Every structure is written in C-alpha cells, then in structure tokens.
Amino acid sequence: LLNEFVKIQGLSSVGSLLIARYNPPWTLPFFRRNELMVKVRLRMLRRVSDIKIFIISLPRENKRRAAMQEKLQGISDDFEFFDAIDGAKEKLSQHQDYVGLKRRLFYGKDLSDGELGCFFSHRALINKIVQDNVPFAVILEDDAILLKDFQPTVEALLNSTYPWDFVRFLTKPKIKRKTQSEVASLFKDYKLLRIATAPGGAYAY
C-alpha cells in the first residue's frame, strides 16, 4: 500500500522499505507501534511549460489558430494544433459509434453535424495521447478564453497531492448549482471539485 501511495503522488522510491520501531523489546506485540518508511526522490515542481498543450482546430481556421498562438505566448511554447474532424463534410450521424435512437430518446433530438465533429475530434485526440504515452496534457478548443489565472491554477493542479486523472476547466452558474464536494484547493479561489453528475460539453481539460 505504501508503494502504491508513492506512485499515486507521482514520486519514485529509492531502495527497499525500512521498518521503524518505537517501543522497547519487552512491549507486547499488540501494543507496539511500528511504521514502514521508504526513501523517495525529490519531485521537481511541474510547470505548464513542461507539459504538452493540444488545440483542436479545423485546418482552415487560420485566424483562430493565430489568436490561440497569441494567447499562449508567455505560457508555453510546447503546443500543437490537432486537425479537427469536419462534421459538415463527414457523415458522422451514420458512424457505428453514434446511436441516434438513444440520443433522441434521452434528449429529444440528434446531435448536430458540428457537435458530432466536436465529439469525434476530442475522442481522436485522446486516443492519440494514450497511444503516444503522453503523461500530462492540456486540451483546448481554438476559441478557448484563457483567464489571467490559467497558468498558476494549472500549475497548482499539476503539483497537487490529490490523485486526479481527468479534470475539466469550467465554471458557470448551472455548474455551481450541482451537488459537489471540494477535494483540493488550487490557486486563489480556484478549487478542484467532484460533481455528482457529469456536465455536458467539451470545455477545456
């Protein structure tokens, strides 16, 4: 369990486990206080510039791409545009992974061509990240608005001891009304929350 905890924290152990004994030898076994210890390598603080940023964008959206490049100046140079799937050109409503009947039963209408293109683009990028073994990544769309606290908040998340794996960057009144619990404080008033239900939409993550 200790080795698993070390891995969850993003640390690496050095050597084998050590036993720490705090009682004299004549103490009865069920009264003894023993602990296991392990040496760990010092973890360097992670920065936004240390991780990959992907921006989903249609190849023709030159103005949006230029705007995103400008927004990321001073934050990170390690970003990459990922060519989005054009829902207007592809027949995604006929894709085997899209069940239109279920969508209509639950929401009363189909996804639009643009929404389907968005979904399949995000899925394709996530598959790429997994296949390329990218340890950390930020995914944005090409119309993302980066608040002034974006960089320090993401860095606080990267260095948080809470064992997160997937985090959406979002806030709006509708989300605030949902049942939620705070699991970690990040930067200033930004917090890591666990929401009872999954909100719709891609956002940034």
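**Aromatic pairs and nonpolar cores**

The structure holds 5 aromatic pairs. Rings of Phe, Tyr and Trp (its six-membered ring) pair if their centres lie within 6.5 Å; planes under 30 degrees apart count as stacked, over 60 as edge-to-face and the rest as tilted.

Before I go on, the background. This is a predicted model, in which local features need pLDDT of at least 70 and side-chain atom pairs count only at pLDDT 80 or more, while totals for chains, interfaces and linings use all residues. Residues are numbered from 1 along each chain as its sequence is written, and side-chain values use heavy atoms, with hydrogens and water left out.

Take one of the pairs. The ring centres of Phe136 and Trp164 are 6.0 Å apart and the planes stand at 55 degrees, so this pair is tilted. Phe136 lies in the loop between helix H4 (113-131) and S5, and Trp164 in the loop between H5 and H6, so the pair ties together parts 28 residues apart in sequence. Helices (H or I, at least four residues) and strands (E, at least two) are DSSP runs, numbered from the N terminus.

Buried means under 20% relative accessible area, exposed over 50%, and partly exposed in between (1.4 Å probe, protein chains only).

Next, Phe150 and Phe169. Their ring centres are 6.2 Å apart with planes at 90 degrees, so the pair is edge-to-face. Phe150 sits in helix H5 and Phe169 in the loop between H5 and H6, 19 residues apart. Phe150 is buried because its relative accessibility is 11%; Phe169, at 27%, is partly exposed.

Now the interior. In soluble globular proteins, nonpolar side chains tend to be buried together. A nonpolar core is a set of buried Ala, Val, Leu, Ile, Met, Phe, Trp, Tyr and Cys residues joined through side-chain atoms within 4.5 Å. The largest one here has 16 residues, and Ile53, Val138, Leu140 and Leu146 touch the most other members. Strand S3 (52-57), strand S5 (137-141) and helix H5 (150-158) each give two or more residues to this core. H5 supplies the largest share, 3 residues.

What does Leu140 contact, leaving aside its neighbours within four places in sequence? Its partners are Ile53, Phe54, Ile55, Ile56, Met68, Leu146 and Ala204, where contact means heavy atoms within 4.5 Å. A second, separate core of 9 residues includes Phe54, Leu58, Leu125 and Ile139.
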